Amino acid sequence: MKILRLAVLDLVRRPKKNGLLVFAIVISVALLTSLTIVSNSATSSILEVVSKTGHTLTIRPVITAGIDEADKSALQNLTISEVVFGKYIPESAVPQISRIYNKAIREGWERKGGLVSNPGIPVISIEPPTWAPRLYTKAVVDGHEAIVTGIDVNKEYFVRFWWNLSSGEWPADVDVKNVNTRIDAMYVMGAGGQVTVEKPRYRVDEEGKAVYDEKRRNSAGDSDQVARDFAYAHGAGDENKDVAYLGGAYASARGLKVGDTVTVESRRFRIGGVLEETNSADDYMVFIPLIIAQHMFHREGYISLLSVRAMCPNCPVGDAMVELNRNITGITAVSQLDVAGVQFDFFNMLYRFLLAVVIATIAVGIFSIFNIVAGSLYVRVREIGLLKAVGASRFQLFRIFLYEHLIIGAFAGIGGFVAGVGMAYVLNSLLGIGSVVRIVPSVLWYALALGILSSLFAIYYPAYRLSGIKITDTFRTQWEV
Amino acid sequence: MNTQNSQPLLELRDVSKTFKLPSGDVRALAHVSLGIRRGDLVALVGPSGSGKTTLLNVIGSLDRPSQGEVLLEGIRIDTLSEEKLVLFRREKFSFIFQDAKPLRMLNVLENTLLPFNFFKPKNSNGNLKDAAIEIITSLGLGHRIYHMPNQLSGGEIQRVAIARALITRPAVILADEPTANLDRTNRLFVIETFKRLTRETGITIVFSTHDLEIANISDRIVQMKDGTVLDEEPSPCPPCPA
C-alpha cells in the first residue's frame, strides 16, 4: 500500500506529463473502441435484418421491361428500394410464381436431404408460405402528395412480424397472439401451399378500367366474400373497414394520431393505428386496404410487390429466387438474405481496411507513448537513485512504475472508451451505416485492457532498465531525455 | 576521537577501483587501506578527482572494488550478491548526497519516513512518527514538519536528508559533500550535528568535503590525492569549538 501511495502521489505531481500520456493512449483506445462499436452495431443491424427478413423473398416488377402494358397513364416510374411506382405485377401471374417458388423450395430441401417423406416416418412439415401483396401509389393525402400503399393487413402483419403499433389497434381479425398460425389468404391456398387465384375476378372495360365480372365470378367459383369485398371497395361496403395505418415518421410529420381521419384523394379513412418506426420506407407510408387501393387507383388485378415469407427453418429461398428470376420475365425476385450478405461483405471489407489503419495508428501511437514514458522516467533518474539509496529494491522500484502505469492505463482505457463511444456516433453517421449504435459492455473491458496493456508495454523496457541502474550512476551520469 | 571501541567497524584492505571507459581505464582508488572505528566522525578531504566519492561509494557498497576487501563489522561486503547488499545497506548504511533532493510530493515528515516505504524498521517498538518528529525537531525543523520541500531553504533540505538518514538507526552514515551548497552557518550546523550524533548515538559518519574548516571539526581527516590516501591524521582541534 505504501508503494502504491508513492505511485499515486508521483502521478499527481506530474499532471501535464501524465495527462499527455493518458491523452496519447486515449486516442489509440478510442480509435479501436469506436471501430469495434460501429462494427458490432452494423453487424447487429445486418443480423437483425437477416433475422427479420432472411426468409423473405420480395418480388417486384422489373423497371425496364414493363409487364403492365395496360397502364400507359401510370404515375411516373420511380423506384425507392423495393418501392416501385408505375410498374405492376398482374395477380394472374401469382399462381405461376407460387408454383415455381414451391417447386424450388421443395427441391432445395430434397437436395439438403431433409423433409423427404419416408413411409411411416413423420417428417417436419413445411408450412405453406405466406404471400403478402402490396400496391404502391402516389396520391394526394390531405392536400399533400404521399406514398399510399394498399395492403392486406392480416398478411402484411404476418410477413412483417417486426411491425408494432405505437398507438391504435390492429383489426379484430388479425390474430396478434398467434399470427404464425394464420394461413388463410387473400390468395387461396391449395394443397401443399400452392396458390391459386380465383380468376378472373376482373375484366378490363373499354376505357381501360378493371370491372368485376359477375359471370366470371360464378364460373370461377368466387366466394360470396369476394363479391362483398368488391362491393365494399366500390363504396357500398362497411365503412368501418375504411381504416388507414400510418408509418411512424409520416404520422409524426403530419401531426396525425389514432382516431383522426385522412382523406386519400376523395375518400376518407379513419386512422386505426400508427406504426413504430422501423428505419424503412414503411415509416413514410399511408397504408389502406389493398382492395380499396386497387379500386381507387384503377389497378384492379395488379400489385406492385409480393413478399413471400417462407415457413420452414433455413428454407432455400435463394434457390427460389434464382428459379423465379430465370423462369418469369418481367419480375425481379430478391432474397433479403442475399441483400444482407452483400451488405455484410461490403462492411467486412470496410472494417478490415479501417482496422488496418487503426492498428497502424496505434503502433505509431504506442511508439510515441514509449518515447513519452522513457523521457519522463529518465528525468527521474536522481529520484530513482535516492529511492534505491534509502533501501528500495529493484522490484519495489519496478512496482512503483507498474502501479503508476496501471493507473494511467486504466484512466486512459476508460477515457478511450468514452471518447470511442462518441467517435462511434460520429463514424456511424459519417459512414452512413444507418444502424443504431449499440454499446456492448464487453467493449469497456477490452478498452480497459488495451489502455493498461499499452501503458505497461510502453513502460516495461524503460522501467526494467532504470530500476536496475546503479545508485552511483544516477548521481554521476548525464541522462538523455 | 571516540575511543570507546578500538576494533575497526569498517575496514578497507588494499582497495583499488578502476573504471573502464572507452577512452581508457581510469584508476580512481589505488591500494587504499583504512580502518574506521564505531562513533568516528571522519572527513575525507582532497581536490576534485582525488577519489573521495569513489571511496565513499566503495565503503557503502554502492560500488564494488576492482581489487581488495571491504569489511563491515568483520563481514566482507564487497562479495555479497546484489540482493544481499540491498538488505545489508538497509540495515547498516544511510546515505546523504549533495544533489539528492527530498521527494517533492512528500512533506518533511514523510520524506524522513521514506525508507520505511520499502522495509520495516529494525525495532518496531514505539511510534515511528513520534521518532521521526523527535529527530526532525532535534535538527531545528520542528516548525517545518508538514512543509513541502519547495517551502524549505537549502540548509533545511539538507537537514531533512540527515533526518532521513537517522531514522533507520544505521551503523554508518556516508555523506558526499553534505555542506557543499550551504552557507557557513548551515555548514557549521550540519557538521556540529554530525559530531553530536556520533557522540550521542555512536553512529559512524564518513563525509567528504573540500572545506578544511569543516574537516577540522571532525575526529579524523583522511587526505586523498589521485586515488590514494596521502595522510591520515586526527583533527587538529578535537573537540573543536562550534
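The model is predicted, so local features need pLDDT of at least 70, side-chain atom pairs count only at pLDDT 80 or more, and totals for chains, interfaces and linings use all residues. Residues are numbered from 1 along each chain as its sequence is written, while chains are lettered from A and ligands numbered from 1 in the order in which they are written.

Let's start with helix α1 of chain A, residues 2–12. (Helices are DSSP runs of H or I with at least four residues, strands are runs of E with at least two, and both are numbered from the N terminus.) Its buried residues are A:Leu6, A:Ala7, A:Asp10 and A:Leu11. They span an arc of only 135 degrees around the axis, so they sit on the same side of α1(A); the arc is taken from the directions from the helix axis to the C-beta atoms. The face turned away carries the exposed A:Lys2 and A:Val12. Buried means 20 or more other C-beta atoms within 10 Å of a residue's own, exposed means 12 or fewer, and partly exposed is in between, with C-beta atoms placed from the backbone.

Now hop to chain B, where four strands make an open antiparallel sheet in the order β2-β1-β4-β5. Strands pair when DSSP finds at least two bridges between them. β2(B) and β5(B) stand at the edges with a single partner strand each, so one side of each has no neighbour in the sheet. Two bridges join β4(B) to β5(B), and B:Leu71 has B:Arg76 as its bridge partner.
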